[in-house]
Amino acid sequence: MENVVCTFCGSVCDDVQFDTQQYKGKKFCALGMSKFSAKERIKSPMIDGKAVSYEEAIDAAVDILVNSKKPLLYGWASTVNEAIRVGVILTEKLGGIYDQCSSVCHGPGVLSTIEEGLPGGTLGQVKNRADVVVFWGSNPMEAHPRHPTRYSVTAKGFFVKDRKERKVIVVDVRKTKSARLADEFIQIKPGYDYAIFSALRMLVKGEEIEAEEVGGVSVSKLAELAETMKNAKYGAILYGLGITQSRGRDRNIENAVKLIQLLNRYTRWIIWPMRGHYNVVGAGEVPAWEVGYQYAIDFSRGYPRFSPAEFAVSEALLRRDCDAALIVASDPVAHLPKKAVEHLKSIPVIQIDPFPNMTTLISKVVIPAAITGIEAEGTAYRMDGIPLRVKKVVDSEYWSDEKILHEMLKRVEVRMGFS
Amino acid sequence: MPIEVEIITGRTIDQGRTVEEKLSEEYFKAVSYCELSKDDFEALGLNEGDRVKIKSDFGEVVVFARIGDLPKGMIFIPMGPYANAVISDDTDGTGMPRFKGVKAIVDRTDEEVKRIEDLI
């Protein structure tokens with residue numbers, strides 16, 4: 001039995017164990033348990049469905065990439081910072097587009113951070129201090145199952161000692177599993193988050209609202225929520241895709257941040273996104289420290305440009321603005337709008353992934369990778385930006401993402417005449 | 001009679017548990033359904049296991065129907081290829097498609113639910 005760090009969701013649980021002989025996990029949630037269990041793998045590198053060596057597959061991939069005018073290098077949320085770093089450099093050398101899963105997940109939160117900043121705190125702060133926790137459009141019971149017990153609901157902290165000392169509120173358009181563990185569930189109309197944040201800002205300031213309800217919630221209920229927020233010792237809004245993927249998108253979060261800024265005139269509040277994949281934070285932080293931007297970055301002019309309206313994966317594909325794609329640790333065929341997938345199907349695709357998925361079915365070159373956190377090591381950022389070292393505990397024939405990408409980069413540099 | 005609904009998509013435990021086994025029967029089961037409110041389910045004359053066709057401005061898809069704890073006029077589809085056949089690809093310049101809050105029409109159908117491989 002080895003102590004390991006879970007590489008499924010953004011909670012990156014570092015208190016779990018893995019039996020390398022039985023290939024079974026201990027202390028994991030259902031999601032982590034599935035991650036740390038045996039499942040079907042891509043058996044060997046392939047070109048057009050035929051088994052080849054790693055070297056041959058990498059050569060074929062490099063051929064596609066150097067002959068492409070503008071390749072899209074997408075994915076990155078389920079691999080480690082070391083691999084992502086090579087991916088960013090590779091995109092720059094190729095003059096391509098770097099984008100990552102945030103662009104269909106928490107990307108709008110990046111846009112709102114650019115506008116308003118992010119008054120945040122770590123999960124440790126939430127566990128030890130937060131006496132009011134609001135899950136807004138987030139559903140940890142299904143997306144981050146151990147988050148409530150480790151940090152945000154039943155966690156026993158230094159100042160907030162148990163569940164009775166913490167008020168948990170869920171704001172959502174439907175009664176999720178998380179709503180059932182809350183002290184209070186506030187059901188809102190879809191697409192009205194922005195209006196409700198505005199109403200709360202008015203109520204916190206003591207202004208009157210000349211309406212009986214906002215977004216399906218009575219003003220008296222909202223006034224109660226505003227009071228609860230003002231009276232918290234340390235509050236946290238932990239938001240999810242309910243507000244990033246619905247009407248308003250980045251503006252919803254911007255308005256929520258303005259509410260938090262206002263609440264900080266009275267008491268201490270933070271706001272933080274419930275990030276999905278275990279290193280989706282790294283998929284943004286690494287390009288940010290390499291080239292200045294988190295996602296939707298185009299290098300075709302020889303310098304990095306950030307523009308989600310043009311270079312986010314959906315936009316780049318919908319406008320057919322890329323002529324080849326390298327997909328790393330992701331499955332865009334399953335997770336992008338159907339129309340965006342249409343273009344992906346018409347260009348040569350290279351995939352690097354441990355597991356066969358829908359993108360495998362359309363890929364010309366498939367390169368299997370070691371499972372990071374089990375067969376390969378590296379550094380990942382937990383959802384709150386805390387870096388954690390994920391381990392290699394099982395030997396494998398599979399190459400790590402980092403090694404595959406390094407080999408690609410070396411060959412691209414030779415082919416393109418970089419010294 | 002078809003009904004008008006608003007589509008919400010999102011994660012579920014089963015979708016998450018099977019997300020690294022996309023070509024498996026378990027993943028198919030985890031993502032190829034939609035939940036409707038009891039009222040809407042009954043209004044369409046559905047029984048558990050029946051299929052519905054969902055049509056939006058962005059496409060159409062056939063999925064299995066279930067009763068969920070939802071307000072009338074809202075359906076929930078787990079995130080994945082079935083949901084993505086009908087959600088909005090318009091990003092309003094943000095790069096983010098609208099995965100939640102898309103208007104659609106739902107009706108009972110005898111058409112089969114496509115297999116994952118056949119969706120491509």
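User: How many residues of chain B are in contact with chain A?
Analyst: In this predicted model, 37 residues of chain B are in contact with 49 residues of chain A.

User: Which elements of chain B supply at least two residues each to that side?
Analyst: Those are β1 (3–10), α1 (13–17), β5 (74–78) and α4 (116–119) of chain B, each of which supplies at least two residues of the side that touches chain A.

User: And how do the residues on that side of chain B divide?
Analyst: The side of chain B that touches chain A has 15 nonpolar, eleven polar and eleven charged residues.

User: Switching to chain A, what domains is it divided into?
Analyst: Chain A is divided into domain 1, which covers 40–105 + 278–390 + 397–415, and domain 2, which covers 107–273. Their C-alpha centres lie 34 Å apart.

User: How many residues of the two domains are in contact?
Analyst: Ten residues of domain 1 of chain A are in contact with eight residues of domain 2 of chain A, and on the domain 1 side these divide into five nonpolar, four polar and one charged.

User: What about α8(A) and α9(A), how do they cross?
Analyst: The axes of α8 (residues 193–205) and α9 (residues 219–231) of chain A come within 9 Å and cross at roughly 65 degrees, and the crossing is right-handed.

User: Which residues make that contact?
Analyst: From α8(A) they are Ile196(A), Ala199(A), Leu200(A), Leu203(A) and Val204(A), while α9(A) brings Leu222(A), Ala223(A), Leu225(A), Ala226(A), Met229(A) and Lys230(A). By class, the contact has ten nonpolar, no polar and one charged residues.

How values were computed
Residues numbered from 1 in each chain as written. Chains lettered and ligands numbered in written order. Predicted model: local features only at pLDDT ≥ 70, side-chain atom pairs only at ≥ 80, totals over all residues. Contact = placed C-beta atoms within 7 Å. Helix = DSSP H or I, 4+ residues; strand = E, 2+ residues; numbered from the N terminus. Nonpolar A, V, L, I, M, F, W, Y, C, P; charged D, E, K, R; others polar. Domains from an automatic or database assignment. Axes fitted to C-alpha atoms, helices over the stretch in contact; angles between N-to-C directions. Left-handed = near helix turned anticlockwise from the far one by under 90°.
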